[in-house]
Amino acid sequence: MFPKSAALFARARRVIPGGIYGHTTPAATVPGALPFYAESGAGCRYRDLDGHDYIDFMCGYGPLLLGHRHPEVEAAADAERARGMSFNHPTERMVELAEALVARIDFADWAVFAKNGSDLTTWAVQVAREVTGRRKILKALGAYHGTHAWCSPGHGGLIAEDRAHVHEFAWNDAAGLEALFYRHAGDVAALVVTPFHHPAYADSALPEPAFVAAANRLCAAHGVLLVLDDVRCFPRLHLGGSHRLYGWTPDLAVYCKALGNGHPLAACVGRAAHQVAASRVFLTGSYWGDPVPMAAALKVLEISARDDVPAALARAGRRFVDGFLALGEKHRIPLRASGPPAMPYVRLADDPGFQRTQDLCAAAAREGVYLHPHHNWFLGAAHTEAEIDEALARLDRVLAGLG
Amino acid sequence: MSPAPLPPVAHARLVAALHLEAVLPVLARLAPHDDALRAAAAGLYTGAGEAPSTRKNARALVLTLAVRGVDARCRLAFSATGEVGCAGLGPDSAAAPRPGDLRLWFPSAGQFLRAVANRPALALPLGGWAAMPQVPRFAAAGRRLDALLRPPGPAASASPVVAPPALFAFGNLAVGLAGAAAWLRRHPAAPAWRSRLGDGVVTFACPAFDRAGLPSLLWIDLARLATGAGAPPRPPVAELTFADLDTLLAELAHRLDALAALGGGELRIRGHLLVAERLGLVLAEVSRLLNPAAPVPVPVPAHAPARARPAPTAPRAHVS
């Protein structure tokens with residue numbers, strides 16, 4: 001099914017460790033049954049190197065909030081690119097984008113920018129340590145916060161000291177979280193959480209109100225900064241930041257994936273009380289002042305508000321998930337859905353090893369629907385009702401074949 | 001990331017337990033597939049040259065090994081015709097010695113590990129003295145096991161002493177899985193690892209096993225911390241298939257680019273990749289314990305005063 005992909009991968013593995021590494025490695029999907037390389041994309045569809053077309057429910061693992069090659073976003077980016085980039089200085093776009101985020105995020109008084117979520121989750125941890133003078137970081141077991149040593153899900157190249165001050169609690173376990181706060185009382189700098197729990201190889205879990213309340217209360221009582229890793233969710237779930245949906249009261253929040261609709265950009269926002277401390281934590285990168293992604297992000301924020309994108313995604317996601325579950329009932333294949341509708345994850349119930357879910361996703365790929373067997377999915381504004389229904393019609397055939 | 005190093009005594013006891021619970025029991029797994037091992041177990045070898053000789057003993061030999069400070073035993077039964085049985089794990093199991101067993105007791109893990117390394121060691125026979133003359137059968141079987149588990153060199157195919165590659169791979173994988181089970185029972189860090197591994201079954205297959213007449217699957221049950229060959233006890237959560245022996249040998253030698261092999265189809269993991277990945281870390285840890293890296297000499301700065309220079313062979317602290 002993928003002869004060109006296989007040939008390119010054979011070339012790649014000679015010159016690239018792993019052939020393809022990181023979250024896009026074929027190893028993390030169903031090698032041989034899902035494509036390795038992309039060729040082009042438009043809206044909510046893309047074409048792989050072998051010419052197969054897919055309705056895309058991963059959206060580049062999140063960035064494509066508005067779809068591939070969104071005309072308004074690309075026009076803004078092209079116009080900015082025409083003026084040049086990699087200057088000796090930032091441009092006015094950086095200030096405009098910081099102002100736009102501060103205006104949109106209720107608790108935000110300032111913003112900084114980088115390229116990846118990891119850049120700024122790590123920087124936010126440093127800011128929390130600078131503010132508090134403490135060492136400890138608390139995070140949820142299984143939560144992903146980036147590739148840096150304190151939080152990488154990988155195993156190679158790490159030493160015990162990398163995690164010496166990182167302590168984990170079970171998601172939604174308010175008592176366990178409280179116990180950690182007291183065990184390390186006086187030494188906790190930050191609690192790092194995602195808006196909802198979206199671990200790989202597991203169902204997603206929304207935060208229970210009591211858990212959120214406990215986290216907010218404990219941070220306030222212990223003088224600990226609450227860092228919201230909103231990298232994957234913003235602005236899919238709420239235009240004002242995902243904390244608004246679930247009740248988190250963050251001190252710092254990190255945004256990335258969808259901020260530029262695929263243009264590389266990350267942002268961290270924070271409160272005025274921490275602005276001086278933030279100024280003391282060194283932050284830079286060779287391309288971090290690039291105005292092109294910032295121009296794209298300004299347009300993304302504008303369109304998201306104009307079109308109320310989160311509401312549209314919630315509707316589209318609900319239509320997709322409800323339709324998918326109904327197909328499962330029709331074909332007597334029990335399915336389990338988790339996560340918010342705009343970022344759903346559906347898998348076969350009673351499938352602890354994910355083998356049948358892998359079969360489902362492999363069959364879906366053959367029908368031209370791209371689903372990931374072990375990672376939450378993403379809806380985008382380019383998923384119209386017609387395309388949701390087309391995907392469901394294809395999945396009807398998939399489930400008929402699996403049954 | 002490896003767990004923190006254990007204190008020396010605890011480390012030695014853990015390695016001793018791995019030998020008792022993982023290395024020696026694989027004698028039973030390999031004997032049906034290796035004539036030389038069965039011959040050794042039957043007492044058909046004189047020893048040094050490993051050349052077949054006349055049968056010296058036609059009796060069964062049951063040997064129980066115990067080590068002071070290690071709550072693991074190994075009870076090996078050698079039949080007159082060279083079949084090997086291995087019973088139980090732990091002090092309260094079927095490994096408990098029975099009347100007539102030759103019972104060897106090592107006063108420390110260090111002494112036991114010296115014996116395992118074919119170095120002079122102190123062992124006290126606590127019973128079954130009449131079987132003492134048959135100890136060379138155990139020693140010969142041990143030497144054959146060592147040869148079977150030794151990495152095949154360039155001349156491997158030409159040497160009858162070295163295992164066929166499929167048997168070498170099968171044997172080492174069997175040791176690794178049993179070692180992983182033992183490690184997960186015994187290491188102080190194991191509870192945290194077990195919570196992340198879950199309680200499923202993981203299987204390992206290679207078509208080369210079938211072609212060599214070996215069981216097609218090896219498995220580990222992470223709930224019971226049991227291992228076996230053939231049909232797994234429950235549907236697995238992860239199924240690893242090595243398409244060819246070279247891929248499996250590369251994995252055993254820790255020189256496989258697993259991501260590339262998965263993408264290229266030489267390695268297939270159906271099911272829970274993270275469980276397989278985490279189990280791989282335990283297997284690597286077991287391998288490091290059983291096959292410690294050679295000490296790396298510390299470079300001596302040219303300007304260092306003579307009395308401050310370390311001996312040329314002084315080991316650097318191991319990075320684990």
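What percentage of the 320 residues of chain B count as buried?

1. The share of buried residues in chain B is 45%. A residue is buried if 20 or more other C-beta atoms lie within 10 Å of its own, exposed if 12 or fewer, and partly exposed in between, with C-beta atoms placed from the backbone.

2. Keep the source in mind. This is a predicted model, where local features need pLDDT of at least 70 and side-chain atom pairs count only at pLDDT 80 or more, while totals for chains, interfaces and linings use all residues. Residues are numbered from 1 along each chain as its sequence is written, and chains are lettered from A in the order in which they are written.

3. Chain B has 10 strands and 11 helices. These are DSSP runs, numbered from the N terminus: helices are H or I, at least four residues, and strands are E, at least two.

4. Now take one residue. Leu281(B) sits in helix α11 of chain B, residues 273-290. Leu281(B) is partly exposed because 18 other C-beta atoms lie within 10 Å. Ala180(B) is 101 residues from Leu281(B) in sequence, yet their C-alpha atoms are 9.4 Å apart in space.

5. Next, the side of chain B that touches chain A. Here 19 residues of chain B are in contact with 25 residues of chain A. Contact means that the C-beta atoms of two residues, placed from the backbone, lie within 7 Å. Elements of chain B giving two or more residues to this side are α10 (258-264), β10 (267-271) and α11. α10(B) gives the most, with five residues.
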